[in-house]
Structures are given as structure tokens and as C-alpha cells.
Amino acid sequence: MTEQTYRSVGRSVQRLDVVAKVTGSAIFAEDQQPQGRLLHGAVLRSPHPHARIKGIDTRRAAALPGVRAIVTGQDLPQVHYGQYIKDEEYLSWDKVRFVGDRIAAVAADTVELAREAVGLIEVEYEVLPTVTDARMALGAGAPVVHEGLGDYRVVHAAAPAGGNCASHNALSRGDPEAGFAQAARVFEQVYTTEMVHHAYLEPHACLAEYDPDGNYVVHSTTQGIFPLRNMIAEVLGVSQNRVRVHATEVGGGFGGKIQLQDEAAAAALARMAGRPVRIVMTREEDFLCGNPRSAFHMTVKTGVSADGRLVARTMDVVLDSGAYGLGGVLMAWSIPQFAEGPYAIPHLRITVDCAYTNKPPCSSFRAPGGPQTNFAIECEMDRIAEAMGWDAVDFRRKNLMPEAHTTLAGVSLKSVVAQETLDAVLALSGYDDKAAQPAPWRGRGLAMGNWNVGGMPSGVAIKLNDDGSATLLTGVVDLTGVHTALAQVVAEVLALPPERVTVKALDTESAPHSTSSVGSQALKSTGTASIQAAEHVREQLFELAVEDLDVTPAHMELADDTVRVSDEPGRAVAVTALLARAMARRGPIVGQGGTGAFSRMPSFCADVADVAVDPETGQVRVLRFCAAQDTGLAINPVAVDGQVQGGVAQGIGMALSEGMLYRDGRVANAGFLDYKLPSSLDLPPLETVLVEKPAVEGPFGAKGIGEPPVVPPPAAIANAIYHAAGVRMTSLPITPEKVRRALREREQAGGE
Amino acid sequence: MHEIAYHAPETLAEAMRLLAESGGAAQPLAGGTDLVLQLERGADPARVAVDLKRIPELQGTRSHGGGWRFGALVRMAELERDAALRAACPALVAAAGFVGGPPIRNRATLAGNICNASPAADTSPALLALGATVDCAGPGGTRTLPLGDFWQGPGQTVLTPGELVTGISLPAPPGRSGNAFARLTRSAMDIALINAAAQVTLDERGHFSDARLALGACGPTVFLVAGLTEALAGHPWNEETRAAAMGMARDAARPIDDVRASADYRRDMAGVLAARCLAQAIGHATGEPAAGKRDRP
Amino acid sequence: MKTPLTLTINGETVEALVEPRTTLLTFLREQCGLTGPKRGCEEGECGCCAVLLDGELVDSCLILALEAQGHAVSTVEALAGPTTGGQPALSPLQQAFVEAGAAQCGFCTPGMLMAATTLLEQDSTPDELTVRRALSGNLCRCTGYDRIVRAVQLAAELRHGGTQQGRTP
């Protein structure tokens, strides 16, 4: 690919919203002011992990002075909803299936009154036996979480298999059993991970209004306005054009703000009370009712040849979906497509069973299924290399996938940059500078990662203002700086300085359909659509300029607010003149662009972690962390780098301290005190390198990078711990207690 | 959830009157990091909040004869800034530095920490090891008691209705003594899953003449490991005494399983922290770094 | 029962009536219209609500509004200078956050800025560990803290060298 010099893309620019954020004037959902006198909402959530609802009595709650409306499942159409499998009751009328399952909501003059009223709602429960372990849920005799599983409508991805199996999927190539038989050696190991919470610092919050014309307006901290609008409309039983969703600033999402939460309840209350209703989750509620990263149990079997090749692999995943099939069923479908790792394995079978349990339903969290499967894959690579006497780097290199490798789903992966990414992290970390003996109880670990990013349908429009500045109209939510990148993209095509491009975040009523800010593809999807729209604008300007310049559009370019003949700057016509001409003849210039779904493109990452282990306490300190990320062309390098650092930080948290703990199905660490996020003292400086090889697809060759960085850190740290302390950790999080226990077991087994 | 009344008296007598007349419905409010937290959680810890922060005699630290008296309003951040205190009582200053994070330490008071009576409170083992006493004032008059007699159980003190802590005193550390604090968990914003503090006094040969080791978060209250002085007196710090001390700490610990750690791990760590505290306390006494690399902070 | 409260907020005297149970955070956000301080946990665990009380960093969610009677509160809204030409005059610290890419979602940013403000007033050239310790009561889930630490150190430099030339917004 030839080196291109760009004016706008590829330069670090400040985020469009950053001044608002550093002055405290950015409007988050709880900051959003209503039209009209605000009511505060609170939600009744199930105290039981599994129970049938026999009756709900709201009379005492309704009698509390200051209570303005109460909504239960009786007030809404009793339809099952869900993005992939329709297994959810919005306000439970039949059963509750996890502690936190939504039953009713109250709007009152103050939040204290609303919460007090919630406490006065009387629900008669028939408590049912609970199942909280995914493998037990799949076994015989387990309490059934969804008796109606066979009748649920499947929208996409889910393949229910009866009992508590919300989805089963298996993809394979070749003949793994034959591969194992021929292998020089076969390895097998079980790896497990816990549920991990997004722990965005802004809890779920929304404000709903209802106007007398019968339209709902919902302001929400959401990553995707269109799916949310659709779900609200479905649950309320109204036509989609009656619901307008507006995304406020999102105080962290990471995939945890893509589901319907309390918005429909707030909307129903707003209609019933005739006043706007705000519902903000407490931090505890968010931990109980948010949708965490699923817990995995993975059995990995690997056969290798004597000359260092991965010959055969089976991976059997049991994933804990929690009470509903939100992200769980999606992962059952997607995992076989990426859990080969960054490698090419001739004989491969990946099976996934997604189990219902009486725990909070899991949803997507930054690379759903990625860090979990990568933990197993990369720890095995290290373990196998050592057992076979192979160099850990060379073993990986030998097996990295080539360009156009085909996934188990038959997708050909283009722009494979695996080798270069590995090289980059080795260089950054000085991996081979192992001149000195490593210090006792210190060790270095390597892990590679991969993540496949698609693209989703998106439309945008671009208006040119009378002075030639541009406004991009889009419905994509700016989670990670995508609006800034879009401004750069449009500015590049229209040869404008980025400050003369406004990106207008619209709502569901005014925006063309847009993808959500999920799955690392907001930029790819809306960026591609934006380039199309900008080219459409340019095309229209060029058409209008033909009579001035007397050449065909193929010989024209945009520069300095003119359309001019390429290579002849003297022959130019002002854009403003062309705009005026357009207005007179045919109306304003508007560009449109749209994309459908894209097939997946791979992105690669590689990490090197240095840790110190305290052998007496088992505490692990991360001394240094290096991350290389394959980014394609980085439209806004500083923002891309920020995504890498942030993903690494979350990966380190998942590795060492984060995990949801349950007692009898109830989240036991539903707060920042005991759900341990890394603080500024828990992380080292995060060293990064962006590997920029423009991709064959994507705006200016940009790749999606929101998710990949979170994938390899847990394995890198586990491998580093092995090299520091001589113990292989096979379950996340790697707490001091687990390390200490592993060291003790090794001592007792007569180890060193 | 109930309304509360709020008062901000300017004298100790007025504060005591407000506390006494409410019949137990009033709570003193100093840093607020426990009381306001409970109010926020929808609990009803009190109907009346008596804000002590305007009462001059409860403020400030006085040092006298090599010892200290901390007024009830002295905050963790003030202890952290006290260079003389840090030099003489690093156990207390280190412990104070672990409480929450900077914004918490700007409000949380030493007195409030002991009154909350959490067995995991960081300053408690340090104060106990250093021989702290507690000054109380109530309707029945004033009294001073050893800190070890102050706690009755988790969240329970011996304070009677209307009585409040007016100050905490530390005696002058004995000659040739040292002290240290250690705790386990992450670096910030955390409740200890186990903590420990030691004060040791050495004789002319550098052998133990006295050893006090306090353990926290492994029993219903913070406590001193009994019999430690007897076991160590006359001996130097070596592999034997180290192992003995670790064993005594493990045996004395009565930890529970909870979300933060298992009882087994806590018990094990009681021994590890005991060794580290004692070694560092000796280092403080002698002015040399802690003997043995593994016991360095 | 509503009680009169008089205090200084961002340099201005404010008089109000508050319920005793109202926290300083709720009072600032809902009665004073200052939505800069954020509600992240209401348990003093995240620092999103951090403000300065008489110049000291505190979690406003753990302070009753009445405790601030007669005291001075500063929030993030006080950091920028008066708006000129439609743009706020960012302080060197805010400018440093912008330049260092230290704000992603922005929810922790107001609290971080207050923590950094009070740090730089006490220590004009903090090293990395000092900065990290000063920020240890403020959680961030987006950035991994690196760029925030760099921003604070950059601000220290800007404050040192920048005072003569001043900063253009």
C-alpha cells in the first residue's frame, strides 16, 4: 500500500466534546433537565433468585403521599422481548429469575419517597429452587429457569437446546480426533473465569417524558439509540415512531449500556403521571442488575507436532448466561468464529453451551468471550512451549494465521497483521534483552490476542452550509470519540479543516438509522457511510463546476474552499458560488451515504507483562505492561491510544482483582468497596505501540480497536506469574489467596 | 427512611446535652464517613446528628512529655502531615494513610474510626499496639480507659448513651522501642482483609524486652496477641523467634470467611504480617532496615 | 424540616433552605444547578463527586449540606476563567487534560480535576508516584490513568512556565 499523506485523518486532534468534559458542562443523563416538573422513579426488584409471582398489591404504596404513579406488568402488554431470543418479561408477571429482576416501578416527588413506596409494594412469591452453577444447570435434575424455552421466538443467533441450554453451537474443520491421534503430544487443561462487571462510573440513568400527542421522549445513557427505541416500543406496545430516544453523554459503556434497562418503566410512569420521570440506579442496583461479562468454563485440548505446529484443538466452552439470553446466546454463536486465536489450526472444533442460571443476565462486555477464551489459548501456548522445550515466541510465530485465513464460519480474514504486531511488542518491551538472570520472584509473560470486527448498517447525511462548512447528521452515539473521527474523515474528503465540520448527534426521530457504538465498528460503519456521503457531496459540487472549469469531474479536486482543476490551481471556482448556483437551480446540496453489514476483519494485539510476586502473601504487582495493537490507519491516534490503554487497564483488573461473587444467587460484592477496580496506584504506566498498516477495508484503512486491547492482558499476566513464581494459574481473577494456595500446593507436592 | 434533625453546638457541654436528651436517637457527627454513609444507604442510624466540628476543645493535637493527645476531631490527613509523629509513631501514620483515599482522609477522624468499631479499621491495631487510651465524657462525668477495653464487638463500644469520645492519647514510646504497621489488600480505597501493628522494646543487647502485636480483621474486635512478650523476652529476633511469633499470631487469630478472603488465608497472613511488623518495628527501634529481605515493606 | 444554609460556592455567597438529610452533592446538583460533580456511587468509593471544601478535597456525597454552613466550596465549574469569544478560558490544568487526551467518557473528569487542583496547590512539581497517590481516591474506568497522570504533570509545567505568557483559550 502506498504511503499517503492526509490532512485530517491520521493526526491527533482533541475530542469534539472534551472542553465540555473538562469544564463539567457535558450533559449526562442525570444532568439532563426535563420539560416540566420532574418526578423521581425507583424500581422494585426481586429479592429472590428464582420465584413465581403469585400476586402484586400496590395499594399501600399508592397511598403514600407524594407517589404519582405505579407501573407493574399488568399495565403493559405481556409480551416476551429480547434482542436475540425473546425470553424476557419486562416487568415480571410470571417469574423472577435473578435477584434484581424488575417487577414494578414507582414515580414520586422525591427519590426517597419513590424508594419508600417501592418498599411498600407487596408481592406474593412462591420461592423456587435455584441453580447458580452453569454446568450444574446443564445437568440432569437442575431447576428449570425457562420452562417456555421451546416456545420462545428466536430472532438471531440463538439455538436453544432444551432444559437450561439457551443455545448450543459447534463448528469444526478437519478431524480433531485424528489430529490428536497423530500428534506428537496432546495437552489438556480446564480454565475458568468469573463474571466481570463493566463498572462504568456513571450508573444507568434515564429521563422519560410523554407529550400530550402521545409521543414518548427518552433520554438515556445508551450506546445505541435505535435498538433501545425498538425495545421500548415493543415493551410498551406502541409503534416505533411514537418513541424518540436521545442519547445523553455516556459515562462509560463498554457494552454494558446496550440493553433495555429502566427506560421503558420511566416512559410508562411518565405517561401515567403526566410528568417527566427520572430513574437513576444506585451503584448497588447497577451491580445487581447490570449485565456482566459471562463466566466461562473452558476445556482445551491441543495436539502438537514434533516440529512445533498446532495440529489439532478442541475447545468446549460452558458459559453462564445468567437469567436471560442477552449476550450469552450471541457469544454461543460468535465464539467459534474467533476462539481459534490468532492461529491457523488445521483440525479444530469449538463447541459452546450457553446455560441459564439464576444470576444477573450477561451481556456484551468489550470483546465478549475474547479475554476468557484467550486466557485459555495463550496460557496453553506458554505451557505447551515449555513442556516441549520450545521458545514461546517462535512457537507462536510458527502458527500465526496467514493472510486470508478462513474462520470456522467460512469468513476469509483480510489484513492479517499478526506477525508485525508480535514484532512490535517484542521491540517495545525489549523482550530479548534477557542478558541478566531474572530477579527472584519476578517474571515476564507474553500473550497475543485477536478479535474480529464487523460492521453494521448505518446511514448518514451531510449538509453543506452556505459558507461551505459542513454538518454530518448521524445517530451514532459518541462513546469513544467516534464523532471526532467522523469529523476528520469528512474533513479529509471535503478538504476542510476539521473545525469546519460539525458532527451532529441526532435522536431516533431525526437521524438516519445508525449502528450502535458497540463491537468496535462504529467508526467502520458510520465512517464508511460518511465517506460515501462526503463523496456524494463532492460529486454534486463537481457536477456544478463543470461549466466553470470545462473539465470532467475526474480532473477536479477540492482545495481551499474551491473546486479546481487538479494540478492547475489557477482554474478554480469558489464553493460558495457553487452552493448559490445549486440553490437557485435545484435546491440545497445534501450528501447521503449508507452501508449494510460488513463481514469480519481481524485485528491483533500482543502484550508483554512484567510482574513481581510476593511468595508469602501471593500478592502480584504489575511492574510494567507493554501493549502492541494492530489498528489499521489510526484516524485519531491519541484517541486510539486511549482505547488501548483503557482496554489494557480493564484486562489487568480482570486478571488480578475483578470478579463478581455470589451468595445464594445474590451478588455479594455489589459496590466499589468489594468489587475491586484498579486505582491509580494499582496500575503501572501503560506503554503502547500502534501498528498502523492500513486495512483493505474501512474508512481510510482504519480498523476497529475499541475491544481488542482487553483480550490478552489476563493471559500475559498469568504467563508472567508462571515465570515469576513457577505456578500456572488457571482461574481468573488471580487473587493473592489463589497464588498463595498454588505455591503451597507446589511446596507440598515436593516442588522447589 | 426518616427525616433527621441537625445541630452544630459550639461547646462540649451543649453537645453532651443534645446527645443525652435524645434518649439514644442522637449520634455524634465528626468526619461523617461512617454516619453519612449509613444515612445514604437508607439506614436510620440516628434521628439527630450532632455535628461536633465547631467545638474548639475537640480539635487539634497536643504533644506533651513525648506523648500525644489527639482531639476527637483530628483527621487522618492531619496525622499524615505530622512529621514528628511520623518519625516516632510510623505505625499510626502508616495506618492513617491507608484509610480510604485522600478525600476520605480529609474528613475521617481517628476518634470516629475507633467508635465505628470495625474490626478491620486500620488505625485500631496501631493505636492498640502503641498503648492508646481513650478519653470519654458523658452525663456521668469523664473517664479514661485503655483502648483494649473500649470495644465490645463488631460495631460495639462501651460508650453509654450520651457519652462521646473527646480524645485519644498515646504515651511517649519507651526508650529503645520501635513500631510498625502492615496490612493486606490493594493499595487504595479498600477495607483491610487483615492488618497488624507491632511495638517492640529492645534491651541493651538488642534483644526483646517487650513486644506488643495487635491484629485486626481476624476476630470480633482488634486484639493484642497474648503472651508474646513472655515468649520473646530476652531473645533476639531470629528464625526461631520469628517462627514462634508467626505461630502465636496464627493461633490467636479467629478469622471468618467473607467476600474479601477465606478464614484460612487470613490466619496464614496473620502469621506473615506478624513477622513483617515485628521485623520492621525492630528496624525502627534500631534505625536499621528490617532484618531479612522478605520482611521489608 | 428545612434549615437555612449560607455558604460560599465558587466564590459567591449562596443562601438556601435544605433538609438536614440532604448531602452536599445533592444540594450542589439539584438546588444550585451545578451538575459538574457527579453521582457515581454515593458511598465515597469513586471520587466522582469530589469537590474542594475550604481548599481540601472531599467526597461531597458523604457530607451533609449543613456541614458546609459558613464554609467555602469549589467545584469544577470554578476552574475555567470567564468566557471570551464564546469559549471558556481553560485553566492550565484543564488545558493540560485536553492536550494529554486525559478525558474519555468524562465522568471521572470533574473529580480528577479537583484532586489535581489541590495537589498542585500543595506540590508544584509532583513526581509520578505523588500524582498517583493524590488521585488514588478517584476511580477511572476508561483511561487506565496514564494520560491523567501525564496531564497533571504537564499542568505543573504549564503553571510554572506558562504564567508569563498566559494561555489563549
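Reply: Read from the N terminus, the elements of chain C follow the order β-β-α-β-β-β-β-β-α-α-α-α. In total, the secondary structure of this chain amounts to five helices and seven strands.

The overall dimensions of chain C come next. For 169 residues the globule rule gives 15 Å, and the radius of gyration of chain C is 16 Å, close to that value, so the chain is as compact as a globular protein of that length. Along the principal axes, its C-alpha atoms fill a box of roughly 50 × 35 × 25 Å. Of the 169 residues in chain C, 63% are buried; a residue counts as buried if 20 or more other C-beta atoms lie within 10 Å of its own. Among the contacts in chain C with a separation of 6 or more, 59% are accounted for by residues 24 or more positions apart.

Confidence in chain C can be stated in two parts. The average pLDDT of chain C is 93, and 95% of the residues score at least 70. Over residues 163-169 of chain C, by contrast, the pLDDT is below 50, and this stretch has eight contacts in the model beyond near neighbours in sequence. Where pLDDT is low, the predicted coordinates should not be read in detail. For the complex, the predictor gives an ipTM of 0.95 and a pTM of 0.96.

The surroundings of chain C include chain A: 42 residues of chain C are in contact with 39 residues of chain A. On the chain A side, the elements that give two or more residues are helix H1 (18-22) and helix H16 (637-656). H16(A) provides the largest share of that side, seven residues. The side of chain A that touches chain C has, by class, 20 nonpolar, 13 polar and six charged residues.

Chain A is itself divided into domain 1 (18-25 + 457-595), domain 2 (32-128 + 201-252 + 257-289) and domain 3 (296-455 + 598-748). Taken over C-alpha atoms, the centres of domain 1 and domain 2 of chain A are separated by 39 Å. Twelve residues of domain 1 of chain A are in contact with 13 residues of domain 2 of chain A. The domain 1 side of that contact in chain A has four nonpolar, six polar and two charged residues.

Leu38(A) lies in the loop between H1 and strand S1 (39-45) of chain A. This residue, Leu38(A), has 18 C-beta neighbours inside 10 Å and therefore counts as partly exposed. Not counting residues up to four places away in sequence, Leu38(A) touches Pro276(A) and Arg278(A). Leu38(A) and Arg102(A) are 64 residues apart along the chain, and their C-alpha atoms are separated by 22 Å.

At 1.5 Å a residue, its 13 residues should span 18 Å, and the end C-alpha atoms of H17(A) are 18 Å apart, which agrees. H17(A) is mostly covered, with 13 of its 13 residues buried. Just after H17(A), Gly726(A) takes a positive phi of about 75°.

Chain A also meets chain B, through a contact that takes 17 residues from chain A and 16 residues from chain B. Helix H11 (residues 263-286) of chain B provides the largest share of the chain B side, three residues. The residues of that side of chain B divide into ten nonpolar, three polar and three charged.

Key
Residues are numbered from 1 along each chain as its sequence is written. Chains are lettered from A and ligands numbered from 1 in the order in which they are written. This is a predicted model: local features need pLDDT of at least 70, side-chain atom pairs count only at pLDDT 80 or more; totals for chains, interfaces and linings use all residues. Two residues are in contact if their C-beta atoms, placed from the backbone, lie within 7 Å. Helices (H or I, at least four residues) and strands (E, at least two) are DSSP runs, numbered from the N terminus. Ala, Val, Leu, Ile, Met, Phe, Trp, Tyr, Cys and Pro count as nonpolar, Asp, Glu, Lys and Arg as charged, and the others, Gly among them, as polar. The radius of gyration is taken over C-alpha atoms; the globule rule is 2.2 Å times the number of residues to the power 0.38. A residue is buried if 20 or more other C-beta atoms lie within 10 Å of its own, exposed if 12 or fewer, and partly exposed in between; C-beta atoms are placed from the backbone. pLDDT is the predictor's confidence in each residue, from 0 to 100. Domain bounds come from an automatic or database domain assignment. The expected span of a helix is 1.5 Å times one less than its number of residues.
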